[in-house]
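Welcome, and thanks for taking a look at this one with me. Here are a few notes on its charged side chains to read alongside the picture.

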Amino acid sequence: MRTRETSLGGGLRPPSDGRRAPFGALLPASPKDGLRGRSPRSKRTDASGEVLEVRVQPRARRNEVVGQVGGVLRVRVTAAPEGGEANRGVIALLAEAFGVAPSRVVLVRGGTSRDKLFRIERPARRR
């Protein structure tokens with residue numbers, strides 16, 4: 001059986017490791033092949049966490065959480081908005097304010113806008 005070669009992150013991989021696909025079809029790639037995101041086999045089934053609407057002011061004098069105005073959290077960061085620096089600054093600031101790791105703060109919407117939507121994922125409690 002002949003298999004097709006794909007590059008890393010291509011989304012498909014040739015049938016290997018003993019598994020066979022019918023008619024030489026390619027199987028979905030796994031995260032170990034360089035893809036990002038959650039595996040469909042992950043144990044986490046829902047996107048839990050607190051969702052925040054944030055209004056960002058880049059290039060401010062200091063990093064601070066100003067407060068909440070009309071249901072929107074106002075945040076100031078010193079970073080410039082080029083290359084995602086302001087987004088990384090907001091993630092670091094929100095992580096510090098909520099006492100979670102920066103990897104637990106996820107930008108859901110608004111990557112290039114001042115109005116953003118973040119999800120703060122709380123760590124799972126151990127039993």
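**Notes on the salt bridges**

1. Let's start with Arg88, which counts as partly exposed at 47% relative accessibility (buried is under 20% relative accessible area, exposed is over 50%, and partly exposed lies in between, with a 1.4 Å probe and protein chains only). Its partner in a salt bridge is Glu85, with 2.8 Å between the closest N and O atoms; here a salt bridge means a side-chain nitrogen of Lys or Arg within 4 Å of a carboxyl oxygen of Asp or Glu. Glu85 is partly exposed too, at 41%. Because Arg88 and Glu85 are three residues apart in helix α1 (residues 85-98), about one helical turn separates them. Helices (H or I, at least four residues) and strands (E, at least two) are DSSP runs, numbered from the N terminus.

2. A word on the source: this is a predicted model, where local features need pLDDT of at least 70, side-chain atom pairs count only at pLDDT 80 or more, and totals for chains, interfaces and linings use all residues. Residues are numbered from 1 along each chain as its sequence is written, and side-chain values use heavy atoms, leaving out hydrogens and water.

3. How many salt bridges does the structure hold? There are seven. One of them joins Glu50 to Arg122, with the closest N and O atoms 3.6 Å apart. This pair links distant parts of the chain, 72 residues apart: Glu50 sits in strand β3 (residues 50-57) and Arg122 in the segment after β7 (115-120).

4. Finally, Arg62, Glu64 and Arg76 are linked in a network of salt bridges. Within it, Arg62 and Glu64 have their closest N and O atoms 3.4 Å apart. Arg62 is exposed at 51%, whereas Glu64 is partly exposed at 22%.
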